[in-house]
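Subject: Structure handover

Hello,

Here is the structure for your files. Please open it alongside this email. My notes follow below.

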Amino acid sequence: MKKSKLFILLILFPFHIFANDIEINVIIENCKSCHGQNYEGNNYIKSLKPLEKEEFISKMIKYVNSNNDHVMSRISKVLNKKDILKMADEIYEKIE
Amino acid sequence: MKKLNNYRRNFLKNSSYFISSLLFSSIFKINTSYSKSKLKPRIIIVGFGIGGATCISYLLKFSKNFDIIVIEKNERIQTCPMSNLVIADIIPYSYISHDFDYMRLKNIKFLNSSVKTIYTSKKIIETEDSSKIDYDYLILSPGINFKNDIDGYNHKDRTIIPHCWNGTKDLFKFKKRLNDLEKKSTIIISAPDYPYRCPPAPYERASLLANFLKRKKKKFKILILDSKDSFTKKEIFLNEWRNYHKESIEWIPKSKGGKVTYFNKKENYVKTSNGSKFKADFINIIPNQKAADILTRSKLNGNKDWCDVNPMTFELKNFRNIFVVGDSIDAGDMPKSAFSANSQAKILATNLVNRIYEKDILSPVFLNTCYSFSSSKRAFSITSWYKLNKKKTRIVSLGSSTTKVDALSHQYYDETRQAYGWYENLVKTLYG
């Protein structure tokens with residue numbers, strides 16, 4: 001398969017792992033390892049608290065689509081839009 | 001079994017249970033009546049390192065419902081993550097040394113002791129002082145043990161340079177020996193074979209020792225004698241060494257005679273598998289590794305180097321209600337890292353609660369992100385998600401990705417900030 005065709009396929013059907021079989025809550029628990037138990041961040045990692053839910057979604061989608069080398073871009077590559085929306089619902093429902 | 005079922009029924013009937021306090025509240029949909037019954041299942045957690053402390057942080061919400069006992073031999077926790085930075089004088093020792101926040105752990109019994117034996121058939125553990133404590137569920141997060149498979153080397157020998165691979169104060173001894181080096185010296189780091197704790201750490205150590213000695217204006221040569229032919233983040237490390245430590249760090253893989261087979265402490269040299277002899281002023285042997293001693297003593301690892309667990313629950317395959325987490329298990333594709341132990345322990349604790357409350361077991365997903373420093377201003381990472389194979393018997397990687405070798409300086413600097421950010425949130429969550 002030509003590289004260009006593969007690229008189009010990847011855009012149309014982005015690789016993701018979590019859609020049906022994994023609870024989104026389990027993914028979120030892993031996010032807390034860096035972002036803190038209540039997403040409060042610290043001197044080095046920004047807090048998610050000041051972000052509006054829509055901003056969070058937009059940032060996450062940017063990470064997924066970005067080709068830059070940021071660790072968040074690499075970690076989020078496995079998520080699709082549906083996963084991100086579910087994550088946003090969960091996080092912003094519980095954020096204190 | 002009948003007794004156990006009655007016990008569980010009574011516990012479930014009587015337990016205090018508030019849905020809002022549950023870990024993953026959407027998963028729990030039951031309501032049970034509140035009662036002041038003292039009948040509680042007892043969970044013993046051995047080891048308050050990353051794996052054990054993560055389990056505790058998740059079980060804390062249930063500390064009124066369970067009788068939780070923690071057994072930890074140390075009075076403070078010294079983490080292995082970031083310890084190479086302490087060795088290189090980039091951060092102070094206090095950064096990696098943590099007190100226990102007893103206020104936060106107020107509903108938990110804390111024993112400063114170690115476990116001598118586990119009597120699995122009686123569900124009893126015996127501590128160092130010969131106290132015997134029974135358990136319903138036992139979580140073991142005991143770290144690792146070391147092999148003495150290099151002729152002439154004994155990891156318990158207090159007269160040699162310590163390996164500094166187990167979070168002890170030997171680190172000070174290591175630093176002193178490093179500081180005592182003359183103006184011009186040769187250093188050997190012997191890197192172990194897989195699997196071992198923190199795969200990139202021997203190479204991070206070489207980078208940071210070079211960085212430290214350069215700052216001290218000392219001349220040196222570091223030889224990494226490797227029991228492997230490749231290692232994680234290899235291209236990035238090699239690039240860092242080319243750019244910043246040209247000719248002062250040399251990596252010798254196994255295929256070129258890198259595997260150390262003999263150590264002569266009197267004359268300070270090692271021999272490798274092809275008969276080559278390397279003499280040095282500072283020899284840091286990082287030994288091959290295996291599951292912690294308590295697991296072997298209690299015959300829980302079936303004569304294997306690592307414990308076989310069910311990756312859904314982390315329960316030992318042949319021992320019901322005994323769970324092992326962290327570096328002592330065979331975790332499939334997951335490396336032995338603090339991030340991995342943290343990720344595994346979250347699933348262990350959650351699914352243990354699910355089991356006790358007779359709820360469905362969650363299908364796990366794990367994350368590992370492992371940062372390495374090459375200097376105070378440069379770090380890089382490898383990251384991967386993991387899930388279970390179709391048979392749910394093994395943890396498999398979904399593919400890893402690393403920092404690009406040609407990343408810009410500010411990106412390498414940004415990764416140092418991510419690393420500190422991860423570490424500080426981790427220890428804040430676990431140790432307060």
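Helices (H or I, at least four residues) and strands (E, at least two) are DSSP runs, numbered from the N terminus. This is a predicted model, in which local features need pLDDT of at least 70, side-chain atom pairs count only at pLDDT 80 or more, and totals for chains, interfaces and linings use all residues. Residues are numbered from 1 along each chain as its sequence is written, chains are lettered from A and ligands numbered from 1 in the order in which they are written, and side-chain values use heavy atoms, with hydrogens and water left out.

The two chains

Chain A has five helices and zero strands. Its elements run α-α-α-α-α from the N terminus on. Of its 96 residues, 46% are buried (under 20% relative accessible area; exposed is over 50%, partly exposed in between; 1.4 Å probe, protein chains only). The accessible surface is about 5700 Å², and 58% of that belongs to carbon and sulfur atoms. These areas come from the Shrake-Rupley method with a 1.4 Å probe; for residues, only the protein chains shown count as cover.

Chain B has nine helices and 24 strands. Buried residues account for 58% of its 432 residues. Chain B exposes about 18600 Å², with 49% supplied by carbon and sulfur atoms.

Contact means heavy atoms within 4.5 Å. Take contacts between residues at least 6 apart in sequence. In chain A, 59% of these join residues at least 24 apart. In chain B, the figure is 65%.

Helix H2 of chain A

H2(A) covers residues 24–35. Its 12 residues reach 16 Å from first C-alpha to last, close to the 16 Å expected at 1.5 Å a residue. The expected span is 1.5 Å times one less than the number of residues. H2(A) is mostly covered, with 11 of its 12 residues buried. Among them are A:Ile24, A:Asn30 and A:His35. A:Gly36 follows the helix, with a positive phi near 95°.

The second largest pocket

A pocket is an open set of points on a 1 Å grid over the protein atoms alone, where a 1.4 Å probe fits, with protein on both sides within 12 Å along at least five of seven lines; lining residues have an atom within 4 Å of a point. The second largest pocket has a volume of about 640 Å³. That volume is the space filled by probe spheres set on the points, which are joined across faces, edges and corners.

Its lining has 30 residues; A:His35, A:Ile45, A:Leu48, A:Tyr63 and A:Met72 lie nearest the centre. Which helix gives the most to this lining? H2(A) does, with five residues. Chain B also takes part: strand E22 (366–375) and helix H9 (409–431) each supply at least two residues. By class, the lining has 20 nonpolar, six polar and four charged residues. Ala, Val, Leu, Ile, Met, Phe, Trp, Tyr, Cys and Pro count as nonpolar, Asp, Glu, Lys and Arg as charged, and the others, Gly among them, as polar.

Two loop residues in chain B

B:Ser113 sits in the loop between strand E5 (109–112) and strand E6 (115–119). B:Ser113 is buried, at 10% relative accessible area.

Best wishes
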